Every structure is written in C-alpha cells, then in structure tokens.
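The sequence and structure are shown first, and the description follows.

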Amino acid sequence: MSAADFAQQQDLHALYSSHHGWLQGWLRHKLGNAGDAADLAQDTFISVLTADSAPQIREARPFLATIARRLVAHRHRRQVLEDAYLEALACLPPELAPAPEERLLALEALQEIDQALDGLPAPVRTAFLLAQLEGLSYVEIAARLNVSASSVKQYLTRANRQVFFSLPA
C-alpha cells in the first residue's frame, strides 16, 4: 500500500469514526426507521469511498447530509416505482400476470431506467415517462407540460440519449 493510499484510508476512517453515529441518528430521525437509517448511513460512506472524495471534504456533516438526502430520495423514488408496478400487476387477471422471475426482471429494468433518468431535469423525465408509459404524442405531452412540441422533441431526444448510453449493452 502506497503512502497516498494509506493517507486516504486514514482520512476515510477518521471521517467514519467522527460522523457515522451522527449521520445514522440524523437519518433515523428523518426516516423513523433504525434499519433503513443504518443501511443509508453505510451507503453514504460507500459513496464517499467510491468517489475518493474524503480528502477534499471541508464541512463533513453538510457534505454527508447532502449525499444521504440524495440516497433517501433515490430510495423513495425506487419504492414508488416498485409500488406502482406491483399495483398495475394487481389489476391484471391472474392468467395474464407475469411469473415471479419476469416480475423481478421487469422491476430491475425499471430501476435501471430510473437510474438512467436520474439527474435529468424534471420536465425531461416527465416527458420521457409520458411518452413511454402513456404513449402520448409530442402535442399531448406539450399540452400537459405547458411547453411547445419542439421542446418536447428536445426533451425526448435528451432522455432517450441518456437512457441509451446509461443502460448496459
């Protein structure tokens, strides 16, 4: 292990030791669930570790809270997506319902698309979802979003490009 790697490991250890308890408590207060708080606290530190950002942190608590808020929002969005899918499946007659393996594959695909759309502005995501899930035309989407049809075309081009380049080959 090089000296730089050791120093980085020490920085991360110090960050974790100093702030893990606080972060987990903060998340528990926000979420009302100790198990989810523990999971998200760990995920927050994993994000710091994989981004190699520990040495650059000036204000640890605001930095960690920002990452944790994003993870909470992502988890909530994923849960809403999963609930909507399961609700739609419940409306199907039993003979048309997909097998459990197909359900899992569909949920994984939905989560990959959601992740691919993450970071896009809300109107771009909404336009993509309206086009893909409801089959609306540019004009119909434009009316819903109160924008021009040419804006919808730009939104869909951007979203499609983002999804195409984000999904595994």
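## Helix α2 and its ends

N33 caps the N-terminal end of α2, with a side-chain oxygen placed 2.8 Å from the backbone nitrogen of G35. The model is a predicted one. Helix α2 covers residues 34-51, and its 18 residues should span 26 Å at 1.5 Å a residue; the C-alpha atoms at its ends are 26 Å apart, in agreement with that expectation.

The residues of α2 that are buried are A37, L40, A41, T44, F45 and V48. Viewed down the axis of α2, these buried residues fall within an arc of 135°, so they line one face of the helix. Just after α2, D52 adopts a positive phi of about 55°.

## Helix α3

Helix α3 consists of 31 residues. From its first C-alpha to its last, α3 reaches 45 Å, close to the 45 Å expected at 1.5 Å a residue. Buried positions in α3 are A60, L64, A65, I67, A68, H74, Y85 and L89.

## The largest pocket

The largest pocket has a volume of about 440 Å³. Its lining is made up of 16 residues, and L81, D114, L117, L129 and L133 are those nearest the centre of the pocket. Two or more lining residues come from each of α3 (60-90), α4 (100-117) and α5 (122-133).

Helix α5 makes the greatest contribution to the lining of the largest pocket, with six residues. Sorted by class, this lining comprises ten nonpolar, two polar and four charged residues.

## The second largest pocket

A volume of about 210 Å³ is found for the second largest pocket. The residues that line the second largest pocket are S47, I67, R70, L71, A73, H74, R77, Q115 and D118. Of these, I67 and H74 are also among the buried residues of α3.

Helix α3 supplies the largest share of the lining of the second largest pocket, namely six residues. The classes in this lining are three nonpolar, three polar and three charged residues.

In the loop between α6 (138-145) and α7 lies N146. N146 is not a glycine, yet its phi is positive, near 60°. The residue is exposed, with a relative accessible area of 72%.

Helix α7 runs over residues 149-166; at 1.5 Å a residue its 18 residues should span 26 Å, and its end C-alpha atoms are 25 Å apart, which agrees. The buried residues of α7 are S151, V152, Y155, L156, A159 and V163. They cover an arc of only 130° around the axis, which puts them on the same side of α7. On the face of α7 turned away from this buried side are the exposed residues Q154, F164 and F165.

## Y16 in helix α1

Helix α1, residues 3-31, contains Y16. Y16 is partly exposed, with a relative accessible area of 32%. Y16 and G32 are 16 residues apart along the chain, and their C-alpha atoms are separated by 22 Å.

Conventions:
Residues numbered from 1 in each chain as written. Predicted model: local features only at pLDDT ≥ 70, side-chain atom pairs only at ≥ 80, totals over all residues. Heavy atoms only, no water. Helix = DSSP H or I, 4+ residues; strand = E, 2+ residues; numbered from the N terminus. Expected span 1.5 Å × (residues − 1). Buried < 20%, exposed > 50% of the residue type's maximum accessible area, 1.4 Å probe, protein only. Arc of directions from axis to C-beta. Polar contact = N/O pair within 3.5 Å; in protein donor to acceptor, adjacent residues only side chain to side chain. 1 Å grid on protein atoms, 1.4 Å probe; cavity = no way out; pocket = protein on both sides within 12 Å on 5 of 7 lines; lining within 4 Å. Points joined across faces, edges and corners; volume = space filled by probe spheres on them. Nonpolar A, V, L, I, M, F, W, Y, C, P; charged D, E, K, R; others polar.
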